[in-house]
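Work through the exercises below with the sequence and the structure open. Each task is followed by a stepwise solution.

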Amino acid sequence: MDEKEYPSKKEGLLSQEETNSAIKIIDYNPAHAKAFYDLNYAWISEAYEVEPEDEKVLDDPENYYLKDGGAILIALYQNEVAGTCALKQGEPGTLEMSKMTVSKEMRGKKIGDLLGNAIIEKARDLGAQKIILYSNKKGSAAGINLYRKLGFVEVPLTGHNFKRADIKMELAL
């Protein structure tokens, strides 16, 4: 997969200079596998039980996300992996967003905002008409606020694979 850098400037976030020099959003490559595993395992195990489905996804993200035409984006802060977000093919025209995280040390730098906007752009590039996601209202309150800011709305909770999921959201593209 060719590495593409996603625009990381959005009004009200970091200065253009700081954004360009410090944060880059790029497509995943196999060299990111360990960081993808470590970052996602850390946030899941901190607040929840790591479920068998988590292990399946984290052990083989290329097969789980990329094989069927999904995507994984990686946020780099000063060329170190600081965050991840993935898209999995679902029903025709629908992508499921998951495994969005930013390392604890990098929170507060608007990396989640940049990742969220980049993953929406990526979904459009992949031809999606809708993005869905599953989350947890209590354990992921900051994430829920970010999703709302990105335009996601709550819909009835159906079709999820995780015990921790208590909210489903979607974004029409």
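**Aromatic rings and a buried serine**

Tyr28, Phe36, Tyr64 and Tyr65 are joined into a cluster by ring pairs. The model is predicted, so local features need pLDDT of at least 70 and side-chain atom pairs pLDDT 80 or more, while totals for chains, interfaces and linings use all residues. Residues are numbered from 1 along each chain as its sequence is written, and side-chain values use heavy atoms, leaving out hydrogens and water.

**Exercise 1.** Describe the geometry of the aromatic pairs Trp43 with Tyr48 and Tyr64 with Tyr65.

*Solution.* Step 1: rings of Phe, Tyr and Trp (its six-membered ring) pair if their centres lie within 6.5 Å; planes under 30 degrees apart are stacked, over 60 edge-to-face, the rest tilted. Step 2: the structure holds six aromatic pairs. Trp43 and Tyr48 are edge-to-face, with 6.2 Å between centres and 90° between planes. Tyr64 and Tyr65 are also edge-to-face, at 4.9 Å and 80°.

**Exercise 2.** Which residue lies over the face of Tyr64?

*Solution.* Step 1: a charge sits over a ring if NZ of Lys or CZ of Arg is within 6 Å of the ring centre and within 35 degrees of the ring normal. Step 2: Lys88 lies over this face, 4.4 Å from the ring centre.

**Exercise 3.** Is Ser135 buried or exposed, and which residues does Ser135 touch?

*Solution.* Step 1: buried means under 20% relative accessible area, exposed over 50%, partly exposed in between (1.4 Å probe, protein chains only). At 8%, Ser135 is buried. Step 2: beyond four places in sequence, the contacts of Ser135 are Ser140, Ile144, Tyr147, Arg164, Ala165, Asp166 and Ile167 (heavy atoms within 4.5 Å).
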